[in-house]
Amino acid sequence: MHEFFDEKETLTGKDREEYFNRRVAAMAAQGYERSSALRKIFDERGVRPDDIRTVDDLQKLPVISRSGLIELQMQDPPFGGFSDTKADIDRIFTSPGPVYEPHLSPDDPLWARAYQAAGFRRGDIVLNAFSYHMVAAGLTFHGGLRHVGATVVPSGSSGTQQQVQLIRDLKVTGYTGTPSFLMSIIDKAAEMGHDFARDFSVKRASFGAEPLQPSMRRLFEEEYGIDTYQMYGATEVGDIAYECREKNGWHICEEVIVEIVDPETGRNLPEGELGEVVVTRLNSVFFLLRFATGDLSSFMPGSCPCGRASRMLSGIAGRLGDAVKIRGMFVAPSQLKRLSLLFDGLRFQLVVTRSGHRDHLAARLETSATGDALRELTSRFDTAFREICTVKIDSIDPVPAGTLGDDVPSMVDQRSWK
Ligand SMILES: [Zn+2]
């Protein structure tokens with residue numbers, strides 16, 4: 001059922017390493033010839049194309065943020081000098097900024113790995129509720145579905161009533177789009193007098209563009225019998241990672257190199273540490289090396305039981321701007337939410353201060369427990385926090401129930417950098 005998209009997904013050890021090294025070296029050499037922007041970056045740093053021979057060598061180059069890309073594209077429209085203007089570009093997408101993104105050809109298997117892993121196949125009729133208008137989403141997801149043989153209904157941004165009608169009339173078996181839009185469709189169906197689970201055949205959904213909350217996932221799977229999958233990408237670089245049937249971490253696509261980077265130094269971080277997702281898409285048209293997505297994630301240890309050998313991301317912990325760095329480690333709001341769920345909605349607040357040259361992290365827990373029960377709770381919290389956030393708490397203080405209301409922030413940064 002869940003066979004692989006191609007043999008690259010099971011490439012291991014030296015073979016895998018050599019495949020990526022070879023491709024990154026080829027892209028650097030080709031890019032130096034064809035992209036004026038890349039040539040400038042290399043020359044300014046005194047890096048020669050043959051200095052980039054391995055994936056690790058990418059660290060010799062700077063990361064390029066979204067705002068940096070927009071600026072370069074304004075200076076040198078339309079592609080900021082990152083694209084070979086003589087290439088056979090199939091289509092040009094735009095995203096807010098604006099950023100202009102040249103795409104190679106519909107043969108490119110963008111998103112196909114994600115749909116394959118989610119079990120979409122020939123015979124499926126899939127509602128594609130991603131927008132087709134100007135942005136890369138609709139057409140590239142469409143292409144991915146076609147690569148695994150599914151039939152696509154390009155419903156795009158049509159209203160929920162029309163989506164329900166399509167699901168009913170065309171006996172749609174799958175959905176791709178955002179989770180919240182599927183929920184609106186389900187609500188609309190109920191309003192129109194349908195029982196979504198009983199009357200319709202939607203059995204599978206692949207979500208992108210927004211996080212799938214665990215509670216919503218449970219609802220889709222348990223109430224409506226829809227097998228759900230997440231996929232992750234960025235409009236500038238295409239598909240990046242996806243869930244397999246294990247639904248425990250995201251496999252990195254075989255056409256991209258993902259680095260987890262310390263945004264301050266541009267250097268790679270070790271496994272398990274939260275950092276910025278930096279992506280290089282291996283291709284011969286758009287020579288955007290080391291694109292910094294602004295998303296936070298970490299590499300997961302170990303290998304996946306599904307048999308795919310690619311490295312895995314732990315999911316997206318949030319945006320760089322929303323996270324707080326404590327003793328060099330990012331702590332993101334989503335991690336705190338996980339912690340709260342783990343403790344049945346326990347209210348807590350973290351306070352970061354600076355004492356001497358060290359960050360001090362205090363936690364306030366809302367509890368009425370005392371004695372052994374309190375000691376047990378603080379000890380469990382301490383351990384769970386270190387596991388989820390990889391940072392150690394310095395002190396834990398109980399506060400009476402009602403101290404931390406809904407509008408009290410779960411993280412307060414009182415450090416002054418003056
Ligand atoms: Zn897997």
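In what order do the eight strands of the open sheet with mixed pairing run? In this predicted model, the order is S5-S4-S6-S7-S8-S9-S10-S14.

Helix H5 covers residues 137-147 and is mostly covered itself, with nine of its 11 residues buried. The buried positions are Ala137, Gly138, Leu139, Thr140, Phe141, His142, Gly144, Leu145 and His147. Their packing partners are helix H4 (112-117) together with strand S4 (125-128), strand S5 (151-153), strand S6 (174-177) and strand S9 (238-243). Just after the helix, Gly149 adopts a positive phi of about 95°.

## Overall dimensions and nonpolar cores

The protein chain contains 11 helices and 21 strands. For 418 residues, a compact globule would have a radius of gyration near 22 Å, and the 23 Å of the protein chain agrees with this. The C-alpha trace spans about 70 × 65 × 40 Å along its principal axes. Of the 418 residues, 37% are buried. Among contacts in the protein chain with a separation of 6 or more, 64% join residues 24 or more positions apart.

In soluble globular proteins, nonpolar side chains tend to be buried together. The largest nonpolar core of this model has 82 residues, and Tyr115, Ile240 and Val279 touch the most other members. Strand S11 (residues 256-261) supplies the largest share of this core, five residues. Apart from this core lies another, of 20 residues, which includes Ala323, Phe330, Val331 and Val391.

Which residues does Val279 contact, leaving aside its neighbours within four places in sequence? They are Ala234, Val237, Ile240, Val256, Val258, Phe291 and Thr293.

## The four-stranded sheet

An open sheet of four strands, also with mixed pairing, has the order S20-S19-S18-S21. Strand S20 (395-399) and strand S21 (411-413) stand at its edges with a single partner strand each, so one side of each is left without a neighbour in the sheet. From one strand to the next, the twist averages 20°. The pairing of strand S18 (residues 348-355) with strand S19 (residues 358-366) is antiparallel and extends over eight bridges. Thr353 is placed opposite His360 in S19.

The loop between S20 and S21 holds Gly405. Is this residue, Gly405, buried or exposed? Gly405 counts as exposed, because it has 8 C-beta neighbours inside 10 Å. The C-alpha atom of Gly405 is separated by 8.3 Å from that of Arg347, although the two residues are 58 residues apart along the chain.

## Backbone features in loops

| Residue or bond | Feature | Value |
|---|---|---|
| Pro77 to Pro78 | cis peptide bond, omega | near 0° |
| Gly97 to Pro98 | cis peptide bond, omega | near -5° |
| Ala209 | positive phi | near 70° |

Pro78 is placed in the loop between helix H3 (66-75) and strand S2 (91-95). Pro98 is in the loop between S2 and strand S3 (99-103).

Ala209 lies in the loop between strand S7 (204-207) and helix H9 (214-224). Ala209 counts as partly exposed, because 17 C-beta neighbours lie inside 10 Å. Asp344 belongs to the loop between helix H10 (333-342) and S18. Why is Asp344 classed as exposed? Asp344 is exposed because it has 6 other C-beta atoms within 10 Å, and the cut-off for an exposed residue is 12 or fewer.

Notes
Residues are numbered from 1 along each chain as its sequence is written. This is a predicted model: local features need pLDDT of at least 70, side-chain atom pairs count only at pLDDT 80 or more; totals for chains, interfaces and linings use all residues. Helices (H or I, at least four residues) and strands (E, at least two) are DSSP runs, numbered from the N terminus. Two residues are in contact if their C-beta atoms, placed from the backbone, lie within 7 Å. The radius of gyration is taken over C-alpha atoms; the globule rule is 2.2 Å times the number of residues to the power 0.38. A nonpolar core is a set of buried Ala, Val, Leu, Ile, Met, Phe, Trp, Tyr and Cys residues joined through C-beta atoms within 7 Å. Two strands pair if DSSP finds at least two bridges between them. Axes are lines fitted to C-alpha atoms, for helices over the stretch in contact, and angles run from 0 to 180 degrees between N-to-C directions.
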